[in-house]
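Welcome! Take a moment to look over the sequence and the 3D view, turning the view around as you please.

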Amino acid sequence: MERKSYLTSKAFRMFLGASILTALSSMLGNIVDGIIVSHFVAYNAMSATSLSKPILQANYTFYQLIGLGASILVAKALGENDKQGVYGLFTLSILILGIFGFAETLIGIFSPELIIDMVCKDAALHDYVAQYFIPMLIGTPTFLAVWFLGGFTAIDGGPKLVSVAMVVCNVVNLILDITLIKVFDMSVMGS
């Protein structure tokens, strides 16, 4: 019993540390992203990144409910040696996240105004918000896939790998922000 308690405690600390690092990396990346936009584009262009937060948070919350919830249930099914349950949960969660991501992509391509008008009432910010939102909406399946694969990789025993991948992802994102905004003159869309 003591050995099992030790292993559970060790696994908890491993997952906790990795989860904190991943969350901090994401939050810091969002903050620096806004600062880069405000310095390299315009001070009020940062509003575009701030106005996107409710949609990003809604996407992340949806992922938490479906993707992370499924990965926890899959881990339980694996522990019970229920292979049919594992395959069913995995497939169902991919299907639900895929439909959701595809729907946002279609909105981003055909009618982004549905979401842009919902979050931005200021005509002066509308163009900045559109430049930021349209690529974000089109990229929703990629966003969900990254978090989905990260959740299953963590459950499969690699929480540190997920943390390192997210930190590297944020560093690459910030480098690309600067490159696309300054070198390729893509304004907020480069972010």
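Below is a short walk through this structure, from the overall fold to a few single residues.

**The fold**

Keep in mind from the start that this is a predicted model. The protein chain has 191 residues, and 34% of them count as buried. Which kinds of secondary structure does the chain contain? There are 8 helices and 0 strands, so the order of elements from the N terminus reads α-α-α-α-α-α-α-α. Along its principal axes, the C-alpha trace spans about 65 × 30 × 25 Å. Now think about contacts between residues with a separation of 6 or more: 73% of these join residues 24 or more positions apart.

**The largest pocket**

Next, look for the largest pocket, which has a volume of about 1,600 Å³. Its lining counts 45 residues, and Ser26, Phe143, Trp147, Met166 and Asn170 are the ones nearest the pocket's centre. Where does this lining come from? At least two residues each are supplied by helix H1 (2-40), helix H3 (53-79), helix H6 (126-138), helix H7 (140-155) and helix H8 (159-183). H1 gives the largest share, with 10 residues. Sorted by class, the lining of the largest pocket is made of 25 nonpolar, 18 polar and 2 charged residues.

**The nonpolar cores**

Let us move on to the nonpolar cores. The largest nonpolar core holds 22 residues, and Ile55, Val129, Phe133 and Val188 have the most contacts inside it. H1, H3, helix H5 (113-119), H6 and H8 each bring at least two residues to this core. The most comes from H6, which gives 7 residues.

Which residues does isoleucine 55 touch when neighbours within four places in sequence are left aside? They are Ile115, Met118, Val119, Phe133, Met136 and Leu137. There is also a second, separate core of 14 residues, with Val74, Ala77, Val86 and Leu144 among them.

A disulfide is a covalent bond between the sulfur atoms of two cysteines. How many disulfides does the structure hold? The number is 0.

Now for the backbone. Most residues other than glycine have a negative phi. Asn81 is not a glycine, yet its phi is positive, at about 60°. You can find Asn81 in the loop between H3 and helix H4 (83-110). Asp185 is not a glycine either, and it has a positive phi of about 50°. Look for Asp185 in the segment after H8.

How values were computed
Residues numbered from 1 in each chain as written. Predicted model: local features only at pLDDT ≥ 70, side-chain atom pairs only at ≥ 80, totals over all residues. Heavy atoms only, no water. 1 Å grid on protein atoms, 1.4 Å probe; cavity = no way out; pocket = protein on both sides within 12 Å on 5 of 7 lines; lining within 4 Å. Points joined across faces, edges and corners; volume = space filled by probe spheres on them. Helix = DSSP H or I, 4+ residues; strand = E, 2+ residues; numbered from the N terminus. Nonpolar A, V, L, I, M, F, W, Y, C, P; charged D, E, K, R; others polar. Core = buried A, V, L, I, M, F, W, Y, C linked by side-chain atoms within 4.5 Å. Buried < 20%, exposed > 50% of the residue type's maximum accessible area, 1.4 Å probe, protein only. Contact = heavy atoms within 4.5 Å. Disulfide = S-S within 2.5 Å.
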